[in-house]
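Me: I have a model open and want to go through how its pieces pack. Can you take my questions one by one?

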Amino acid sequence: MQKHALYAGTRNLYGDMVTAAKSLIANSDVDKVWFFAEDDDFDLWVPDMCEVVNVSEQEFFPEDSPNYRGWASHMALMRAPLALMDEFKDLDRILSLDADAICIRDVSDVWDLPIEDCYFSASREEVITFKGMVYCNVGVMLHNLEKLRDGKCQEVVDALNWNAYLNDMQDVYSFLCQGHIHCMSPEYNSNRFTGRTNVVRIRHFAGDPADFWRGHEYTVKYRTMPWTQVMELHERQMEKKRG
């Protein structure tokens with residue numbers, strides 16, 4: 001199975017996306033990392049295993065879509081229709097991450113989570129429950145692209161273009177996929193909404209001020225780590241994968 005991951009963000013997040021990707025590459029056997037960008041000004045160097053795609057001409061969400069100019073970057077919406085995109089037509093699953101989600105331990109097994117009968121896997125937010133509903137934080141989300149192609153992905157996109165939601169994609173995926181959601185351990189998405197665990201693999205700074213997470217020791221570590229060291233750590237992970 002090919003292990004792919006994706007980050008999406010506006011130009012003010014490009015540096016943070018690269019920092020987060022460095023942490024993922026250093027701590028996993030990921031095969032390819034995608035960056036969805038809003039323009040052609042992504043001038044940061046990335047290795048060959050990374051691909052930058054300018055999605056400014058996307059046709060899924062018109063500018064008058066009710067969630068396009070919500071509190072979150074409109075680029076965050078671009079993670080919703082992944083199962084419908086030509087770039088991923090031959091891919092069964094993909095991991096999407098927020099730019100403020102920093103990997104601090106090996107996360108290679110996150111792609112192997114048992115989601116065959118689920119549309120996605122994400123960590124549950126216990127503070128939001130409606131009659132037993134499973135509500136998830138999608139800052140770290142493993143998409144089952146194969147299952148989402150049964151029409152559910154299009155349903156999500158249509159819903160996002162029909163009504164405004166407080167947490168746009170997160171609300172819609174949680175609401176529409178009930179009964180087919182895999183609850184990811186919060187060790188892969190440890191933040192103030194999903195709870196803290198003794199073992200943290202991904203520290204997600206959701207809800208924290210930008211200056212806090214950008215100045216945090218984990219973030220600074222990977223922002224300043226040279227790509228040569230990142231790729232050396234990644235090669236060790238690939239050697240373990242090859243057995």
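Me: At what angle do the axes of helix 1 and helix 7 cross?

Reply: Roughly 35°, and the axes of helix 1 (residues 14–26) and helix 7 (residues 227–242) come within 7 Å. Axes are lines fitted to C-alpha atoms, for helices over the stretch in contact, with angles from 0 to 180 degrees between N-to-C directions. Helices are DSSP runs of H or I with at least four residues, and strands are runs of E with at least two, numbered from the N terminus.

Me: Where do these values come from?

Reply: This is a predicted model, where local features need pLDDT of at least 70, side-chain atom pairs count only at pLDDT 80 or more, and totals for chains, interfaces and linings use all residues. Residues are numbered from 1 along each chain as its sequence is written, and side-chain values use heavy atoms, leaving out hydrogens and water.

Me: Which residues of helix 1 meet helix 7?

Reply: Val-18, Lys-22, Ile-25 and Ala-26; their counterparts in helix 7 include Trp-227 and Met-231. Contact means heavy atoms within 4.5 Å.

Me: Now the sheet. What is the strand order?

Reply: 3-2-1-4-7-6-8, an open sheet of 7 strands with mixed pairing. Two strands pair if DSSP finds at least two bridges between them.

Me: Which strands stand at the edges?

Reply: Strand 3 (50–54) and strand 8 (181–183); each has a single partner strand, so one side of each lacks a neighbour in the sheet. Neighbouring strands are turned by 25° against each other on average, direction ignored.

Me: What packs on the sheet?

Reply: Helix 4 (residues 168–176) does, touching strand 6 (120–124), strand 7 (136–144) and strand 8. The direction of helix 4 makes about 60° with that of strand 7.
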